[in-house]
Amino acid sequence: MAKNASDTRERIVAAAAKLFYSEGIRAVSVDAVAEKADVTKRTLYYHFDSKDDLIAAYLETRDQPNLAVYRRWFAETDGDLPAKVRGIFDQLARSARHPKWRGCGYLRTSAELANMPGHPAIKVGAAHKKNVEKWLASLFEEKDFAEPAKLARQIVLLLDGCFAAVLLHRDPAYMETAGEAAATLVAAAMRKAK
């Protein structure tokens, strides 16, 4: 029975993720999520107290997979540390060229909920961005950079800024330009660490 309940919950979150990412959280009704998940609205509310809880669950399921993708892109990029950091941006640009790309789900959700700073999804989004920042800081700490946390924050600002610019201009070259800036910052930190 527990396995079945877990499967149902996962199916609901997967349906919500597809709809929320492609259409936006406000545009998607609970009825639409239930229909896509092939469950009743009552079943959906058995697993989630509210649409707000479902939105938070949607973002929670993206945290570790998104971070794993960043780690993989970093690891698969040839070259030194600046090149590897730039590789993340280059891969984001490649992703942004796909017709189904809709930007960063965390940022889009936070924009839709901007007037609700205590919303559970805002907290989940902020935690995800902090996880990315911590991961980057750990990379820079390994190299004995003077201010690894500050550099990580600068890279996250470039990441989030390029997400916004690409959504606005529909030009993934902004991500590549942000990657160049990130590589420059990391190279400068490397020179100071020597």
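**Close-up 1. The salt bridge between Asp160 and Lys129 in a predicted model.** The closest N and O atoms of Asp160 and Lys129 are 2.7 Å apart; a salt bridge is a side-chain nitrogen of Lys or Arg within 4 Å of a carboxyl oxygen of Asp or Glu. Asp160 belongs to helix H8 and Lys129 to helix H7, 31 residues apart. Both residues are buried (buried: under 20% relative accessible area; exposed: over 50%; partly exposed: in between; 1.4 Å probe, protein chains only). Residues are numbered from 1 along each chain as its sequence is written. Local features need pLDDT of at least 70, side-chain atom pairs count only at pLDDT 80 or more, totals for chains, interfaces and linings use all residues, and side-chain values use heavy atoms, without hydrogens and water.

**Close-up 2. The salt bridge between Arg86 and Glu180.** The N to O distance is 3.6 Å. Arg86 sits in helix H5 (residues 81–96) and Glu180 in helix H9 (residues 173–193), 94 residues apart; helices are DSSP runs (H or I, at least four residues), numbered from the N terminus. Arg86 is partly exposed at 31% relative accessibility, and Glu180 is partly exposed at 39%.

**Close-up 3. The salt bridge between Arg97 and Glu176.** Here the N to O distance is 3.3 Å. Arg97 lies in the loop between H5 and helix H6 (105–112) and Glu176 in helix H9, so the pair ties together parts 79 residues apart in sequence.

**Close-up 4. His128 in helix H7.** His128 is buried, with a relative accessible area of 4%. Leaving aside neighbours within four places in sequence, His128 is in contact (heavy atoms within 4.5 Å) with Asp63, Asn66, Leu67 and Tyr106.

Methods. Helices (H or I, at least four residues) and strands (E, at least two) are DSSP runs, numbered from the N terminus.
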